[in-house]
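I opened this notebook page to keep track of what I looked up, one topic after another.

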Amino acid sequence: MDLPVTISDTGNPFHSAGAVDQIGNFVENLFNTNNHDLYEIYISDQWDSGYDFGDYVSSNTQAITVTDPEQAVKDNADFSSQYFDYIWDEIENNPDTFDSDIYVAYYTAQCVRNTAKCNHGLYDYIM
C-alpha cells in the first residue's frame with residue numbers, strides 16, 4: 001500500500017528524491033535521522049522569527065498551475081531535491097552552526113516559496 005504524500009511534504013529536501021544522494025546512500029540517509037531532525041527543528045525555530053519562513057507562505061500570492069496533483073507532488077519533490085546535498089553537507093559537517101549558513105536559509109526559503117506556490121495551484125485546481 002502506498003502512503004499518501006502531500007505537496008507540502010515533498011517541499012522538504014529530506015522528504016524528496018534528494019534523500020537518494022548521488023552515491024546512492026539512501027539507506028544511510030534514511031536511518032541517519034539526526035540530520036533530518038536538526039533540519040526540521042531549524043525550520044520550526046525559524047518559521048515565525050529569524051528567517052521567518054512562514055512569511056513565504058502567508059504572503060504568497062502566486063500559484064504554479066496544477067492540472068495533475070500527483071505530478072505536482074513529483075515536481076515539487078524534484079525542485080526541493082536540488083538543495084539536499086548542500087543542506088545535508090552543512091548539517092553533517094557543521095551541526096552546531098549550519099543554522100547560520102546563509103545558503104541553507106536561502107535554499108530553505110526557495111523550497112518553502114515553491115511549496116506555497118504549488119499549494120496555491122492545488123487549491124485553484126480543487127476549487
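**Model and conventions.** I am working with a predicted model, in which local features need pLDDT of at least 70 and side-chain atom pairs count only at pLDDT 80 or more, while totals for chains, interfaces and linings use all residues. Residues are numbered from 1 along each chain as its sequence is written, and side-chain values use heavy atoms, with hydrogens and water left out.

**Overall fold.** I found 7 helices and 0 strands in the protein, where helices are DSSP runs of H or I with at least four residues, strands are runs of E with at least two, and both are numbered from the N terminus. Of the 127 residues, 37% count as buried (under 20% relative accessible area; exposed is over 50%, partly exposed lies in between, with a 1.4 Å probe and protein chains only). Among contacts (heavy atoms within 4.5 Å) with a separation of 6 or more, 78% join residues 24 or more positions apart. The protein exposes about 7,700 Å², and carbon and sulfur atoms supply 51% of that area (Shrake-Rupley method, 1.4 Å probe; for residues, only the protein chains shown count as cover).

**Packing of α3.** I looked up α3 (residues 33–45) against α7 and noted an angle of about 75 degrees, with the axes 12 Å apart; axes are lines fitted to C-alpha atoms, for helices over the stretch in contact, and angles run from 0 to 180 degrees between N-to-C directions. The two helices α3 and α7 are therefore roughly perpendicular (65 to 115 degrees; under 35 is roughly parallel, over 145 roughly antiparallel, the rest oblique). Tyr39, Tyr42 and Ile43 of α3 make this contact with Val104, Ala105 and Thr108 of α7.

I then turned to α3 and α6 (residues 84–93), which pack at about 100 degrees with their axes 10 Å apart, and that makes α3 roughly perpendicular to α6. Here Asn35, Leu38 and Tyr39 of α3 meet Ile87, Trp88, Ile91 and Glu92 of α6.

**Asp75.** I located Asp75 in helix α5 (residues 69–81), and it counts as partly exposed because its relative accessibility is 41%. Its C-alpha atom is separated by 9.2 Å from that of Cys118, 43 residues apart along the chain.

**Met127.** I placed Met127 in the segment after α7 (102–126), and at 68% relative accessibility this residue counts as exposed. Together with Tyr123, Tyr125 and Ile126, Met127 makes a nonpolar surface patch of about 510 Å².

Conventions:
Patch = residues over 30% accessible without salt bridge, like charges linked within 9 Å, V, L, I, M, F, W, Y side chains within 5 Å. Salt bridge = Lys/Arg side-chain N within 4 Å of Asp/Glu carboxyl O.
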